[in-house]
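Please walk through this structure with the sequence open beside it. The tour starts with a pair of helices and then moves to the other chain.

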Amino acid sequence: MSLEPSLDVAVVLLAVQKVGATFVPLEPTYPAARIRTILEDTMPTLVVTSASLAAKLPFEGHALFLVDDDIAKISALSSDDLGLPIDLERTAYVYYTSGTTGKPKGVMASYANLAHYILRSQERYAIARTDIMPAIARFSFSISMFELMSPLAAGGTLVVLERDHVLDPARMAKTFSEVTFFHAGPSLLRGVLAQIRKAHATFEAFEGVRHASSGGDMVPPELLESMKEIFSRAEVFVIYGSSEISCMGCTYPVSREHRIERTYVGRPFDNVIVRVLDEDRQPVPFGVVGEICFAGDGVVKGYLNRPELTEQKFFTLEGRRFYGMGDMGRVSFAGNVEILGRRDFQIQLRGMRIELGEIDATLRKGPGVREAISMAREGDDGEKILVGYVVFAADADPDVGAVRKHMVDHLPDYMVPARIVPLANLPLNSNMKIDRHALPSLSELTETRGPHSRVPTTQAEKELASLWQSILRIDQVSKDDNFFELGGHSILALKLLQEAKKAHGITLDGMDVLRESLETLAAIIDRERGMTTPAQRGLVSPAAEIPVEEAFFFGPEHSLYGVHHSPARTRKGERRPAVLFAPAFGYEATRSSFVTTRIARRLASAGIPVLRFDYFGTGNSHGRSIDGSVRRWKEDVAFAARELERLHPNHEMVIVGARLGALLAVNARSGNEGQARLPAVSRWILWEPIDSGRAYVDELERLHAACLRGLQHLRLGRLPRVIASSRELVGTTFSKTALRELRALDWPRAPAHEASPTFLAPIHVLAHADAHEALQASNAQILAMAHDPTWTDARAMENLLPDVGISDAILEILT
Amino acid sequence: MKEHVLQFGPSSRIKGVLTEPARAPKAAMVLVSAGLVPQAGPYRLYAELARHLAKRDLATLRFDLGGIGDTAKDNAMASLRERTQSEIGEAVRALRGASGEQVSIGLGGLCSGAEDSFRYARNDRSISRVVLIDPFAYPTPGFQWRHLAHRATRRTLRALGVYRPSAALQEDSATGGASSLIDYKYMGREEATQTLDSLVRRGARAHFIYTGGSNDVFNHEGQLQKMFPTLAFDGRVTVDWLPAMDHTQILEEDRLELIERIADRLG
């Protein structure tokens, strides 16, 4: 069937089912190449379409039934029951989804699956004759079967909406005031709810909605809260599933009793079994992360003409046929499933599951493209968009427009990258595989292309920019950029020094590279070359708008040193959270000072106030480290949080903890009697946290022993003075008591925080079994980072920790 | 002793901590950032030194140069050296404002902080003394002989199993230190000679401290005078040679010794 949205769609669907045939929806907006692929795969006996579509779509060679021209034939036919036997094993429908190899795959469901799909949802949501339900999803997506069939099967009213209508928030807002029951993806809902808020002072008009559900993508808690508020009389649900399990996997009834802090997808529908399995496809305990897999009546027959893929994706366990969703998640002790992310490169974009592999494969076939990769990126407005990164062949004419046209010609519109970004090279990880996480984020792309970005103009600026682009694998560099702030690190800086000398005879100073902007570096080069610099011409670059930064002492007897980064300006009515940065400790704090400050400045520039501080006896704070204790350092986190609360009352508080700072902060929540305690924290972001105080001290001892060995050539056997009551470890002197406390410091057994933490950890740490287990057991979201170099490099003390994407990651989480 | 934050310079961009004695200070010091290490200094050397000096009635301002620690980069189109000199000047003015016009001011620092201090002092006649930890050094004939003897001793001890170089040292030796990003260029001898001459002539004092971290260029306290054979130190240029100490003093006993030495010279 290939039709524009109309009543005919419902008629055709019922007609196909009446004769026991197989329904294959074909989106008329698909590129001709994709339609041909699907037709070749399904070999349909009949194509139902309209005369106008038949004239422009590639249906040549196929038997056609034109719903407009052939209406007379339909009217002449009997409407009686044909009395045909119903074979539940016959294929009821085939929905095409994106495939990893560049070809779409047809998900083949039986009539038994269809019966399960419609009956289970009808039972669960008590769909009745009185219900009025709009069909919002595209007909080519399997969730549309729920929208089309549910009201028809229950005798209710189906509202078919044209595509332009669905994409117009104002018209959709009106529709929501006229229906009783709807399901919509979070992206579309977000826009419509915003429109409703804009146009309606009160929400009485929406009291007729008795069911509002969302799914198909991660549904953020705030969206569910908004649904509760606007549809005040509706039951609000999250629905989770995929075409392969007939969409109805789990559902979560959103409570009106309390505020939603995290989104669950709930419990399975009747006759559905859910399991969380490890890599060996063995069930994992409650709370442990694994792949979400389903068995039961909804599990479909497989993929059309793809037996190997079917065998790969569907498997038998406990005597039942299971399908692995590819989503990582866990089951809470209350039995609710929570989704934490994807295990492969399938993404969900505006409700659609898309295999990035298919986009990558199509990009690679683009004119002049040598390498390509795609990724979903989140923009400033929180919306994800597809970004295609391409590397053109050396002898090719790099034409992004031509690549875009190629994509439009071969993929459905929702799979065409919104941005196509040419790069010099694709970033590789330590295993020499393409590192998707190291690809420039939207904010980076926007920054370099922003209206205020100043393009290099002088010869030296252009030479440097070209080197930076090549070494950092970025497409644009502005005069105001700093090498390290663009993601450079010491090894890359060394490469820059070498290549600058080799290619242009430029001698750069490493200190200059670390601290200076491209414009200043170029001015230095010009001076060395005896050329006139902008400074000599009296030109001064415009001062960048930087957040207000104030250093001060606070806490008991003003003993703690802190720096408050206050946004230069915030948008009217906007209230971003306030961030407390609990820094690393000892030499790690010094090593990370560059990136810590950078994180604070970037957050403040985005309107998020930040307070960072030094623990008692460290940095600029008062006292000696030997007089410090774990109790005091935990309290310091609480003192700082109270200070931030004083500076920004009524702001939600986020704690970003790094290394030992993370462990101290989470333990500060459960302070002892008489100790300062943390105020309410809405979010925790923990950057490669120390998960065991004992392991941390052991590591310090190992490093310190290495330092002492390094000193041997100076001291020739003379041992450092040992004081019985203390122990020096890598430049910090701890009391024996503090060391004992540190060794006993551990991750709280029960999560001691009201909000689930997000872990930022490098891939190699996640791969470490013990650490991974500790992270999983801590009820957290885990965000794998590509750190290089890392916190735990053997020679870490000598190296400044660069911004390995941490600023971006934190900014993305918070905005 | 009391400490408070000083924010100074245009737009209060530069951030530092002023450590003041309980009584009116008899002198004051500005500590200049070392390399990329923030104002508390490597392993808090500057913070501990400032508090120790306060006990001897000296006020100290430690601060971050632009782009380091808590001080934002200045976007003015000037070279790093020009901006560093300008920022030290701002620090000197801020300290003078806090401690009083009559208080004599000295400058000090480690490594690049030492050289930045030394360079600034040449152009600001109000600076009465400088304390330079591991600054420039120039090998002399005596240095070469001692260096050979030291290497021979090490090799003997290594053969006897008494001494084993660390893996890091061996790697550095094998690569010629190529793994270090900061190929810091020390001040040339001509500039150093002129600057020191200028300081001595106007009656300022200069105290040099060399640790074992400089042992590839400095290995005897007598070497300093040999490095500047044309200059008459006249008791105004002094030196401490601390060969058992590493460049950033990772051991507390080394930091304490260094602090005592400096305090004794200044006090």
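Helix H2 (residues 80–99) of chain B packs against helix H3 (residues 112–123) of chain B, with the axes 10 Å apart and an angle of about 75 degrees between them. An angle from 65 to 115 degrees counts as roughly perpendicular. H2(B) and H3(B) are therefore roughly perpendicular to each other.

Which residues make this contact? From H2(B) come Thr84(B), Gln85(B), Ile88(B) and Gly89(B), and they meet Asp116(B), Arg119(B) and Tyr120(B) in H3(B). By class, the contact of H2(B) with H3(B) holds two nonpolar, three polar and two charged residues.

Now turn to chain A. Chain A has 27 helices and 32 strands. Of its 815 residues, 46% are buried. Among the contacts in chain A with a separation of 6 or more, 68% join residues 24 or more positions apart.

Look next at a helix pair in chain A. Helix H23 (residues 693–715) of chain A and helix H24 (residues 736–744) of chain A have axes 5 Å apart and pack at an angle of about 125 degrees. H23(A) and H24(A) are therefore oblique to each other. On the H23(A) side, Gly693(A), Arg694(A), Tyr696(A) and Val697(A) take part; they meet Leu739(A), Leu742(A), Arg743(A) and Ala744(A) in H24(A). This contact of H23(A) with H24(A) has five nonpolar, one polar and two charged residues.

Then find a sheet in chain A. It is open, has three strands in the order E3-E4-E14 (chain A), and pairs in the antiparallel sense. Strand E3 (91–97) and strand E14 (302–303) of chain A are at the edges with a single partner strand each, so one side of each has no neighbour in the sheet. E3(A) pairs with strand E4 (residues 105–110) of chain A over six bridges. Within this sheet, Tyr93(A) stands opposite Ala109(A) in E4(A). Helix H5 (residues 111–125) of chain A packs on the sheet and touches E3 and E4 of chain A. The direction of H5 makes about 80 degrees with that of E4(A).

Finally, check the confidence. The mean pLDDT of chain A is 83, and 83% of its residues reach 70 or more. Over residues 446–452 of chain A, pLDDT is below 50, and this stretch has six contacts in the model beyond near neighbours in sequence. Residues 533–545 of chain A also stay under 50, with 21 contacts beyond four places in sequence. Where pLDDT is low, the predicted coordinates should not be read in detail.

How values were computed:
Residues are numbered from 1 along each chain as its sequence is written. Chains are lettered from A and ligands numbered from 1 in the order in which they are written. This is a predicted model: local features need pLDDT of at least 70, side-chain atom pairs count only at pLDDT 80 or more; totals for chains, interfaces and linings use all residues. Axes are lines fitted to C-alpha atoms, for helices over the stretch in contact, and angles run from 0 to 180 degrees between N-to-C directions. Helices (H or I, at least four residues) and strands (E, at least two) are DSSP runs, numbered from the N terminus. Angles under 35 degrees count as roughly parallel, over 145 as roughly antiparallel, 65 to 115 as roughly perpendicular and the rest as oblique. Two residues are in contact if their C-beta atoms, placed from the backbone, lie within 7 Å. Ala, Val, Leu, Ile, Met, Phe, Trp, Tyr, Cys and Pro count as nonpolar, Asp, Glu, Lys and Arg as charged, and the others, Gly among them, as polar. A residue is buried if 20 or more other C-beta atoms lie within 10 Å of its own, exposed if 12 or fewer, and partly exposed in between; C-beta atoms are placed from the backbone. pLDDT is the predictor's confidence in each residue, from 0 to 100. Two strands pair if DSSP finds at least two bridges between them.
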